[in-house]
Amino acid sequence: MEQMIALERAQTIVLDHVRGLEPVAVACWQALGLPLAQDAVTDIDLSPFANSAMDGYAVRSADLAAATPAAPVTLAVVGHEAAGHVFEGAVGSGEAVRIMTGAPMPEGADAVVKYEVVEVLDGDGNEGSRAVFRAPAPVGDNVREAGLEAHAGEAVMHAGEVVTAAGAGLLASAGCSEVFVRRAPRVGVISLGTEIVPPDAVPQRGQIRDANASALMASVLAAGADPQFFGIAPDDEEAICALVLKAAASCDFVITSGGASAGDYDYVTALVHREGEVLFDRISLRPGKAITFGMLRGVPFLGLSGNPAAAYVGFEMLARPALRKMRGYRELTRPVQYARVEHDVPKRQERRFYNRARVGRDPLTGELAVREVHSQNSALLGTLHHANCLLMVPEGMKGYASGDEVPCVRIDIDEGTVL
């Protein structure tokens with residue numbers, strides 16, 4: 001096992017040890033926000049017939065070739081074509097059919113003239129009326145051809161594409177009422193520490209409420225996975241081993257918070273050593289240096305720090321990309337945005353820093369500007385709640401000066417978003 005490793009190396013190790021899960025069928029609308037596991041193929045042409053792009057009259061282009069304002073052409077209206085109402089005849093020379101938007105083009109017609117530019121004689125504009133046209137209508141004018149969106153047998157959406165609300169409608173129109181997506185990873189979440197009590201308990205002296213489990217389960221949910229809480233384990237080797245092994249037996253990924261250090265009660269890393277393989281246990285990262293990753297009886301295991309900020313950063317940098325890969329997403333990492341920092345950012349250690357910050361538009365210049373939240377104390381959750389980015393200070397730098405352009409990982413925006 002390597003000693004303290006770079007974040008990119010740790011990310012590669014984690015991603016190399018997870019795979020996409022098996023596909024499951026869901027209703028097309030339930031695939032919203034998820035990547036398809038298989039191509040979705042239409043069984044018919046979309047649209048299945050040539051149709052009108054607007055309300056008007058279906059005509060033969062040749063009949064109106066010589067039409068001008070001074071020498072208009074009058075056609076007999078011989079039928080009505082509306083969505084769900086099909087005109088059974090054919091449009092002959094000197095004839096037109098009143099047509100509604102989306103209705104199929106009648107046989108013989110090859111153009112549509114919009115209703116507003118037509119003068120109606122002898123009736124209400126429907127069958128039995130006459131219509132006056134004062135300009136030519138080119139072939140195909142205001143006509144949407146059959147198969148304009150896709151032809152039968154073509155993929156309307158490919159594997160890996162994320163379904164949008166409009167995409168759900170496209171899938172339905174292609175007859176794909178059900179589609180295949182990769183099932184949600186089941187993620188076991190465990191909190192470690194004798195001092196930890198449930199959120200509904202009043203902590204006594206030396207105790208703290210379990211905030212990490214709720215934050216991690218919410219993060220798991222946001223990553224598209226299925227969080228399962230297995231409880232709180234005290235600093236007891238037997239209790240920790242039993243709970244972690246129980247989670248590994250029924251989950252696709254296991255995450256613990258607390259106990260991931262060189263302290264007296266780091267039983268969980270020892271467990272992974274005995275029952276599997278520890279692949280790394282320290283990263284050149286702040287907050288979150290003490291992170292253990294390994295394979296526990298064939299299941300990926302991530303042991304995070306008990307400090308809330310460190311646990312959050314560790315999840316964002318390592319667990320979230322892994323869970324996204326398991327769900328079938330192409331884009332795994334958060335988008336990075338560059339902004340002008342509004343103050344000096346000192347760095348006292350060689351490790352890479354991810355500082356909680358907020359980025360936004362300067363109201364005067366319109367430029368992107370970023371400012372750290374009021375404290376980088378890793379025990380504070382409020383600063384994470386109010387942050388929308390992590391300001392990154394890489395290894396080998398002493399910090400930034402006010403006005404520098406700096407990279408900001410946008411933790412409020414999904415992967416693949418164009419900024």
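Reader: How do you know whether the crossing of H3 and H6 is left-handed or right-handed?

Author: In this predicted model, the crossing of H3 and H6 is right-handed, because a crossing is given that name if the near helix is turned clockwise from the far one by less than a right angle.

Reader: What makes H3 roughly parallel to H6?

Author: The axes of helix H3, residues 212–222, and helix H6, residues 308–327, cross at roughly 25 degrees and come within 10 Å. Angles under 35 degrees count as roughly parallel, and therefore H3 is described as roughly parallel to H6.

Reader: Which residues of H3 and H6 meet?

Author: From H3, the residues Asn212, Leu216, Ser219, Val220 and Ala222 meet Pro308, Ala311, Tyr312, Phe315, Arg320 and Leu323 of H6. Sorted by class, this contact has eight nonpolar residues, two polar and one charged.

Reader: Why are the buried residues of H3 said to lie on the same side of the helix?

Author: The residues in question are Asn212, Ala213, Leu216, Ser219 and Val220, which are the buried residues of H3. Around the axis they cover an arc of only 130 degrees, and so they are placed on the same side of H3. The face turned away from that buried side carries Leu221 and Ala222, both exposed.

Reader: What covers the buried residues of H3?

Author: The cover includes H6 together with strands S13 (186–192), S16 (226–233), S17 and S21 (299–304). After H3 comes Gly224, with a positive phi near 90 degrees.

Reader: Why does Thr256 count as buried?

Author: Thr256, whose place is in strand S17, residues 253–257, has a relative accessibility of 0%. Buried means under 20%, and therefore Thr256 at 0% counts as buried.

Reader: With which residues is Thr256 in contact, leaving aside its neighbours within four places in sequence?

Author: With those neighbours left aside, Thr256 is in contact with Ile190, Leu192, Val244 and Val268, and also with Phe301, Leu302, Gly303 and Leu304.

Reader: How many residues apart in sequence are Thr256 and Ile291?

Author: Thr256 and Ile291 are 35 residues apart in sequence, while from C-alpha to C-alpha they are 10 Å apart in space.

Technical notes: Residues are numbered from 1 along each chain as its sequence is written. This is a predicted model: local features need pLDDT of at least 70, side-chain atom pairs count only at pLDDT 80 or more; totals for chains, interfaces and linings use all residues. Side-chain values use heavy atoms; hydrogens and water are left out. Helices (H or I, at least four residues) and strands (E, at least two) are DSSP runs, numbered from the N terminus. Buried means under 20% relative accessible area, exposed over 50%, partly exposed in between (1.4 Å probe, protein chains only). Contact means heavy atoms within 4.5 Å. Axes are lines fitted to C-alpha atoms, for helices over the stretch in contact, and angles run from 0 to 180 degrees between N-to-C directions. Angles under 35 degrees count as roughly parallel, over 145 as roughly antiparallel, 65 to 115 as roughly perpendicular and the rest as oblique. Ala, Val, Leu, Ile, Met, Phe, Trp, Tyr, Cys and Pro count as nonpolar, Asp, Glu, Lys and Arg as charged, and the others, Gly among them, as polar. The arc is that of the directions from the helix axis to the C-beta atoms.
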